[in-house]
Each structure stands twice: as C-alpha cells, then as structure tokens.
Amino acid sequence: MSSINRDGRLPRAGGLRRLRAASDRGSVTTEMAVLVVPFLIVLAMFIVVAARVASVSIDARAVAAAAARAAADAPTPAAARTAATNAANAMASGSQFRCTATTNTGQFRRGGAVTVNVACVMRLDDLGLPGVGTTKTAHASATEPIDTYRAGT
C-alpha cells in the first residue's frame with residue numbers, strides 16, 4: 001500500500017513507516033476495552049460475592065456464640081430455647097441475613113452444656129450474577145458451659 005503525496009511523489013521510506021505506525025494507533029486501547037474491562041468487572045463481582053459469603057460465615061459464628069451464651073444463662077431448658085432464638089433474632093436484625101437457631105438442651109443442668117446450631121441465609125440475587133445462586137446459607141454451632149454454682153436448675 002503506497003500513498004502519493006500532494007505533489008505527486010511517493011513518500012520517502014521514513015514517511016511510509018510513519019503512516020503504517022500511525023494506522024495501528026489505538027488498537028491496544030480497543031483490545032483493552034473489549035477484553036480486559038469485562039474481565040475486571042467479573043473479577044470485581046467475584047470479590048463482592050466472596051466478601052459477602054465470608055461475612056455471613058463470620059456473622060453466623062457470632063450469632064451462634066451469642067445464642068449459646070443467652071441459652072446458658074436461662075433458668076430452664078424451655079427458657080434457654082427462647083433465649084437462644086431471641087438472641088439470634090436480635091443479632092440478625094438490621095443485617096442482610098436471617099438466622100434460625102436450634103437449641104440442644106439435652107445436658108441442661110449445673111455443670112452441663114447447651115449447644116446452639118444456627119443457619120443464616122443471605123440473599124445474593126441482588127447482585128444479578130448468573131451461576132452464583134440466589135441465597136447462601138452459613139451454618140455454625142456453639143457450645144456454652146452452664147455454671148456449676150448457678151441458682152436454679
């Protein structure tokens with residue numbers, strides 16, 4: 001491909017080189033926009049999903065520990081179940097997940113222990129990512145000893 005100057009002569013070798021070099025300008029920018037930007041967007045969304053999943057896992061452990069502490073301070077097994085549920089609901093209120101607590105009061109006596117299992121569900125459908133799923137459930141368990149010298153049961 002050669003181009004003729006305004007005066008009817010062919011450009012010198014350096015001028016032709018400049019023309020070819022100038023025609024490739026901007027191709028890297030287009031490739032970056034087409035290939036790299038979508039990859040960076042997907043990577044950012046993956047980081048958001050990973051952070052949410054880690055957050056609900058950490059929060060589920062905290063909810064289980066708080067529910068177990070509340071259950072261990074209750075005077076009766078029935079009150080322990082209610083206290084664990086109330087503590088789990090209080091910890092999850094105002095957050096982006098909801099938790100359900102199940103309390104094992106089989107060893108509810110002085111010197112015994114109470115175990116609370118918690119399942120916390122977080123919604124992920126608001127991210128709009130295909131293949132991620134709509135919810136993520138984190139499970140956690142905590143056991144709290146019951147004071148040997150406590151009053152009551």
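Predicted model: local features only at pLDDT ≥ 70, side-chain atom pairs only at ≥ 80, totals over all residues.
Q: Why is A68 called buried?
A: Buried means under 20% relative accessible area. A68 has 0%, so A68 is buried.

Q: Where is A68 found, and which residues is A68 in contact with, leaving aside neighbours within four places in sequence?
A: A68 is found in helix α2. Its contacts are V114, V116, A142 and E144. Contact here means heavy atoms within 4.5 Å.

Q: What separates the C-alpha atoms of A68 and A83?
A: A distance of 8.8 Å. Along the chain, the two residues are 15 apart.

Q: Why does F46 count as exposed?
A: Exposed means over 50% relative accessible area. F46 has 55%, so F46 counts as exposed. The place of F46 is also in helix α2.

Q: What makes F39, L40, L43, F46 and I47 a patch?
A: These residues form a nonpolar patch on the surface. To belong, a residue needs over 30% relative accessible area and no salt bridge, and nonpolar side chains are joined within 5 Å. Together, the five names F39, L40, L43, F46 and I47 account for about 530 Å² of accessible area.

Q: Which residues of α2 are buried, and what do the buried residues pack against?
A: The buried set is V49, R52, V56, A60, V63, A64, A66, A67, A68, A71 and A72. The buried residues of α2 pack against helix α3 (77-92). They also pack against the strands β1 (97-107), β2 (113-123) and β3 (135-145).

Q: What pattern does the protein follow along the sequence?
A: The pattern is α-α-α-β-β-β. That comes to three helices and three strands.

Q: How much of the protein counts as buried, and what is its accessible surface?
A: Of the 153 residues, 27% count as buried. The accessible surface comes to about 10200 Å². Carbon and sulfur atoms hold 58% of that surface.

Q: What share of contacts between residues at least 6 apart in sequence joins residues at least 24 apart?
A: The share is 58%.

Key. Residues numbered from 1 in each chain as written. Heavy atoms only, no water. Buried < 20%, exposed > 50% of the residue type's maximum accessible area, 1.4 Å probe, protein only. Helix = DSSP H or I, 4+ residues; strand = E, 2+ residues; numbered from the N terminus. Areas by Shrake-Rupley, 256 points an atom, 1.4 Å probe, with all protein chains shown as cover. Patch = residues over 30% accessible without salt bridge, like charges linked within 9 Å, V, L, I, M, F, W, Y side chains within 5 Å. Salt bridge = Lys/Arg side-chain N within 4 Å of Asp/Glu carboxyl O.
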